[in-house]
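Visitor: I am new here and would like a tour of the open spaces. Could you show me the molecule?

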Amino acid sequence: MSETSLDDAQIIADFSAHVNPALAQVLQFIGFTSTEAQASGCIVRDSTGREFLDCLGGYGTMSLGHSHPKIVEAAKDQLDKMAFSSRVLFNAPQAALAKKLAEIAPGDLQFAFFCNSGAEAAEAAIKFARITTGRKGLVSAQGAYHGKTMGALSVSGRDKYKTPFGPLVTDVRNVPYNDIAALEAAVDADTAAVLLEPIQGEGGINVASNEYLQAARRLCDEKGALLVMDEVQTGLGRTGKMWGCDWAGVAPDMMLLAKALSGGVVPIGAVLGTPRVWEFWNDAPLIHSSTFGGNPLACAVGLATLGVIEEENLVEKSARAGEILLSRLRETQGRYPELVQEVRGRGLIIGVEFPHEDITSLVLAGLAQRDVLVVPYTFNNPTVTRFEPPLNISDQEIEWAATAFEEAVAATAELLVGVTEM
Ligand SMILES: Cc1ncc(COP(=O)(O)O)c(C=O)c1O
């Protein structure tokens, strides 16, 4: 680990005293004792100049890498014109981004509501589903993660984060993921929406079967419910296709976006919806709104992000890089099957499952020692860690990550032999 400078020590002390003491302890336990100072591409530099390979990428936000020059330029250009909207005149970047999203989204998702985060998008979709159908019921999956605001939390799947905050939004059924029979039993004539992630990110990289997503589509059609696909983490090429739901050839009634649409530079969230869903706005055009949602700065950056994804073939790159990384990580699994239980994923959303969360911690610490940042625990499944690097990660960087993983697992295996021999 790098030295902790006097300045870093003060920053960590301030974070501990004024932001989150428990988190400060966890991060220091893993071995993070310096502060991030600068980043470009897949590399994050700390205050001492030490370079880390970012395979965490803001939980799947950095699809274009840090500080992509075209995104920074788009942000600067828009800043020079205007950053935020007056909210009365028409806003060109917002209209252009909505139009482009309508072009590339699956099915008939012609409209967009813009907000500032994934959780806000989930909140909006819950409201839109209820007003459109006149029903209350929401069906979501165990292990799901849609955010931590009240509505988004209510349809998420881990009691640890939910129970202390009740009562939450009512009429939610949380059913086992990838279980068609459970879905069939839960969706009925009062279901407004079924909310699903095509791959559960925080749930531990659980990949939906094509049949499951197709069954969800069919059930929603049969029962008059709306299908909401949460592509906050899986969208925009992360899975090796433009949309996670493309794997199953399923088009939802609403789609949630955030994370990578920001270009890694300006936060943004969005709900895309069909003309049928958008009808409710006709009676009250301001029935749902957000002061910062759709601001010119975020939308100009979002539009530039879609441009870079196309120009640099990032969807194809994600598919190829994902195959290489997955197979390299599986080589390590083959050598240490008792420690690495499973390696799974699609494209560059890859989960590694260990038999116990303490082993996850040891491997994470080993990766940090080798300058590789990975997702430190998935929120809803602490035995799983994730690799979600930028989609333009180079072959050398993949090798760096894979070698560090192999060494970290080997070191953990040695340590555990030592412990059992004591
Ligand atoms: C699938 C999914 N939906 C929603 C969210 C919430 O997004 P945010 O943290 O921007 O509120 C996340 C965040 O990790 C997510 O992975």
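Visitor: Which residues lie nearest the centre of the largest pocket?

Guide: This is a predicted model, where local features need pLDDT of at least 70 and side-chain atom pairs pLDDT 80 or more, while totals for chains, interfaces and linings use all residues. Residues are numbered from 1 along each chain as its sequence is written, and side-chain values use heavy atoms, without hydrogens and water. A pocket is an open set of points on a 1 Å grid over the protein atoms alone where a 1.4 Å probe fits, with protein on both sides within 12 Å along at least five of seven lines; lining residues have an atom within 4 Å of a point. Of the 43 lining residues here, those nearest the centre are Leu23, Leu27, Leu56, Tyr59 and Pro376.

Visitor: Which helix gives the largest share of that lining?

Guide: Helices (DSSP runs of H or I, at least four residues) and strands (E, at least two) are numbered from the N terminus. Helix 1 (6-18) and strand 1 (36-40) are among those supplying at least two residues each. The largest share, seven residues, comes from helix 2.

Visitor: How much space lies in the second largest pocket?

Guide: A volume is the space filled by probe spheres set on the points, with grid points joined across faces, edges and corners. The largest pocket holds about 1,500 Å³. For the second largest pocket, the space is about 700 Å³.

Visitor: Which residues are closest to the centre of the second largest pocket?

Guide: In its lining, strand 4 gives the most, with four residues. Of the 23 lining residues, the closest to the centre are Arg87, Gln94, Ala112, Phe113 and Pro285.
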